[in-house]
Amino acid sequence: MTKPDELLWMNESADTRFKFLADASQLLSSSLDYETTLSNVAHLSVPVCADWCAIDILEDGGNIRRLAVVHTDNRKTALAFELFDKYPPQLSDNHGLALVMKTGAPQFYPDIPDELLVSTARDEKHLAIIRSLGMKSAIIMPMKVHGKILGAISFTFAESDRRYRSKDLDFVFELASRAALAMENSRLFTEARQAVASEKHSAAVLNTLLMSAPVAFAFLDCNLRYVRVNNAFEKMCGKKQEQILGTTFGSLFSKEVQDLGLDLHTVMEERRPLLNVPVHGESPACAGGLVHSLASYFPIISEDDVIGVGVLIYDITDQKQLEQKLREQARINEKLHEVGSALTAELKLDRIVQSVTDAATELSGAQFGAFFYNVLKEDGESYTLYCISGVPREKFSRFPMPRNTRIFAPTFKGEGIVRIGDVTKDPNFGQNEPYYGMPAGHLPVRSYLAVPVISRSGEVLGGLFFGHEKPDMFTESAERLVAGLAPQAAIAIDNARLFDAANISSARLQSQLNFTDALTQSLGEGICAFDRNRKVVFVNPATVRLLGWEHSELIGKDLAEIFPPDLSSITVWDAILNNEQMIKGENTFVRKDGSSFPASYLATPFVENRVVQGIVVTLRDITETRRIQDELQRSREELERRVVERTVNLTAANQELEAFSYSVSHDLRSPLRSVDGFSQALLEDYADQLDDIGKDALQRIRLASQKMGRIIDDLLNLSKLTRAQMRTERIHISEMARIILEELKASDRDRQVQIIIQENLFAYGDSSLLRIALENLLSNAWKFTTKQANARIVFGSERIQGELVYFVQDNGAGFNMEYIGKLFGAFQRLHQAHEFSGTGIGLATVRRIIHRHGGRIWAESEVGQGAKFSFTLPPLHHEKEIPR
């Protein structure tokens, strides 16, 4: 005979069950801690759905773990836990919970006879405990998702003397499906979080490899613009990363490199590398300095698409310089089950939302339903129509998106469910412009139901909206149904978002791995990574070639097995790991076959999350560099021997030159003085006996001998310039020019000359020699402007191609540029003696002084328009400090 309480359970209204499922769904969506939420569901179930409720989890190792047992009597709850601990179910059992966990099929016991208890008991004590529980009827339902068994939920009737019937299986199945969905959501969240952590780890490894590599590296996008560079590239360019990124390829380098831009497009189009391209030109980091490099360009491919070009630049300037020096160095349950199954199996957002909208439209009895995704525009309003159900999409496509009107706002703000029997009579209806109600041609809406879809985080994902042309069509039951579906939709949407995030993270990680692999495969220098236990965890092909081991042989080897003691000692290892020091040096490395080679190395700590995880060592074979250095040393020794020989020869030559100068000074001056003296005596003592012709002849003799004396003096001075020791210092050359011109003005006070001197010009050189040079140039300007009414002399400077050039300019007689080749030669004059006096030694003296300072001198002129003499001197040590 059926018990009254049994009849009560059997005749429970569908609304009560749906309300229970809605409450259970709310609990399951309230947290990602599935153990807490499942335990709460077990408490919710007793005594409404069962006298006993147990939830068990199937762990990865095949063990069954009891998560929760609920009974109104705490003593019986403790007894159930004791039973589970002493007699845990085994997957080898063919009954009850173990069978459900093994097969994934539910176990239904409408009645539990004593024979069943006897057949499952392991011993008498076990049987006694089972009998004391008083179990009368039970359902054990698996919790499954995507075909995987996660656990089981058990409902048992005991002292209430109720019984389960077959129709209860659908209800328990729906509850178990929702519980499985909550567990899967938690797993996806954990995996997504782990994927993000893995991505950060890989990014840290890649960043350490790239930034610490001694080879200059850059990555360019398909438009050949820099998107990433390492420290070595910054150093090579002499610019910071922010100055480089976004600029085009070749803009930092010489014309030769810029022309390679066309070849790089070929690299991307043909997907083949361009290796070891010799590049040389002016260094971007040092104006005027030449850099020699070997550059390799290779396509960067991700998921079969070329995303840019990688550039590796080996600076071989030192080697080239050395070489150059050598050469020069149910309807509802079914629908709920259908939706639950769909949401459990589906991870596509558009399909999830469409499934929920279709199901909710059908279950609520609406003529049409819609899901509006909550997209906020810049003006703070307007939401995008995501999907509709019950009517063609075209019915809505010509209308604007709903805004935050008084009707829609509570849903979009997540303030709660809105159900209105006749929306046209609601006081909030028709209060917003421009329509003040529904636009013309809109589907007629009287009954209105709106439910916000809210994420676990509290974010309003959007809203489910339903309408009917008749009033009062949406019941409280319809509201609960839709309210129960909304949390499932939120869970599924969150799952889809997590799935998309995991896919994006995975794609980024794969791209990073592809990029790292392409980089390390292309490097010519060895890269070897060790973990904190000194074991090899990574080597690139260059390391395999250098050490002569197979890749598989190197992985797992200890540091001391492949590296010399000065790098593999505990002291060095501790310095890198504990003090985060960078160790570099040179040593001899031994290959697998016993042969050795010299190499330079750099050991860098690999840091992740502020913890040193190991070290990265780069190796470079310097055999060729050592050979060149040895040859260079021999060349230097030979050069020093030749310098000694030439110094001896030069000393002898200087001695002969000094003897010659002495001879010129004494042996030639005495006759000249005699000629001049006797001529003067004749003019003074015998003037009355000489006619005018004789007197003129004697005057000519005197003038010629005096001119010859001045030429001898100039020759001696020119000779001294070559032998005199230079004392270089910082000179205020503007002040020197002013003093010289003041002296010239004092010697000829009747002349009016416009003098312009650039202020605060400095030079670096021998003060005495530069004064001689400047006196000659300014004296020439003074002399050759004597016939100019508005004479003008300028001393100043200018920059020509970055070089500081001094000049003396006048508007005097000038000269014909056809004879520029003779201008700086000794005794070369471009004007007649009767026009302008002089010996022709001055400009030769100037050129010799400028050349001794390592400078250059040249002239520009036009007859009758004046002349400009320009010269350079060695740059000042701190030229930027000189006022301009």
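The legends below describe close-up views of a predicted model.

Residues are numbered from 1 along each chain as its sequence is written. Because the model is predicted, local features need pLDDT of at least 70 and side-chain atom pairs count only at pLDDT 80 or more, while totals for chains, interfaces and linings use all residues.

**View 1. Helix α15 and the glycine that follows.** Helix α15 covers residues 349-364, helices being DSSP runs of H or I with at least four residues, numbered from the N terminus. Just after α15, glycine 365 takes a positive phi of about 80°.

**View 2. Helix α3.** The end C-alpha atoms of α3 (residues 34-45) are 16 Å apart, in agreement with the 16 Å that its 12 residues should span. The buried residues of this helix include Tyr34, Leu38 and Val41.

**View 3. The largest nonpolar core.** Such a core is a set of buried Ala, Val, Leu, Ile, Met, Phe, Trp, Tyr and Cys residues joined through side-chain atoms within 4.5 Å. Of its 62 residues, Leu38, Ile153, Phe155 and Val453 touch the most other members. Helix α18 (residues 476-522) gives the most to this core, with 9 residues. A second, separate core of 38 residues includes Met736, Ala737, Phe824 and Leu873.

Technical notes
Side-chain values use heavy atoms; hydrogens and water are left out. Helices (H or I, at least four residues) and strands (E, at least two) are DSSP runs, numbered from the N terminus. The expected span of a helix is 1.5 Å times one less than its number of residues. Buried means under 20% relative accessible area, exposed over 50%, partly exposed in between (1.4 Å probe, protein chains only).
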